[in-house]
Amino acid sequence: MVVFGLPAEQLYMYALLASGALTVLCVFFCDIADLKSGLPVFNLTVILAFIIFGSAIGFLMETATELSELVILAISGGAATVLTVVLYFLILLPLSAAESLSTYSEEPLPGQMANVIISIPVDGYGEVVLENCAGMISKRATGYNNEAIRQDEKVLIVEVNDGTLYVQASKPKTL
């Protein structure tokens, strides 16, 4: 079978090389090209995986067997479909779920307690550490009323603005 004046094995090789090159570009620019669709069929990673699997299997079968081109096309398409579905459900879907679990939001931070790890000078910045479901997080902090706060002091997060925590020293309760 000749398509565009090329034998089938050469066509499979060109498809493999092109999809491999697009995959490398996708690693660097995938956030731009991601269609954010609920259907995995429109996911660029899934499409490229299907083309890579299909063209690699087709090329290997063209060079190693004496089967007809249509049988090889059917086998490589079926195998690529199975491999792509396995890749999607066993690797890509769990990875995307894990990625969404590891992020945190700054919205619930006001009202939480933190510990100063780098002292906060008057009208300056220091660093606090707080614990949440994602683990220990250190953030830039400044005094809410521009007060100095010493290292190892407990503070209350009053406000969050542009990634900076505005904190005030927590006063110990007296009995």
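Biologist: What makes strand 6 and strand 7 a pair, and in which sense do they run, parallel or antiparallel?

Modeller: Strand 6 (residues 154-161) and strand 7 are joined by six bridges in the antiparallel sense. Two strands pair if DSSP finds at least two bridges between them, so these two qualify. Strands are DSSP runs of E of at least two residues, and helices are runs of H or I of at least four, numbered from the N terminus. This is a predicted model, in which local features need pLDDT of at least 70 and side-chain atom pairs pLDDT 80 or more, while totals for chains, interfaces and linings use all residues. Residues are numbered from 1 along each chain as its sequence is written, and side-chain values use heavy atoms, without hydrogens and water.

Biologist: Which residue stands opposite T164 in strand 7, and how many residues lie between the two strands of the hairpin?

Modeller: N161 stands opposite T164. Two residues separate strand 6 from strand 7 in the hairpin, and D162 in the turn has a positive phi of about 55°.

Biologist: How many bridges join strand 5 to strand 7?

Modeller: Three bridges join strand 5 (residues 135-143) to strand 7 (residues 164-169), and these strands run parallel. T142 stands opposite Y166 there.

Biologist: Why is S19 called buried?

Modeller: S19, in helix 1 (residues 8-33), has a relative accessible area of 3%. Buried means under 20%, exposed over 50% and partly exposed in between (1.4 Å probe, protein chains only), so S19 is buried. With contact meaning heavy atoms within 4.5 Å, S19 touches L48, I51, I52 and S55, not counting residues up to four places away in sequence.
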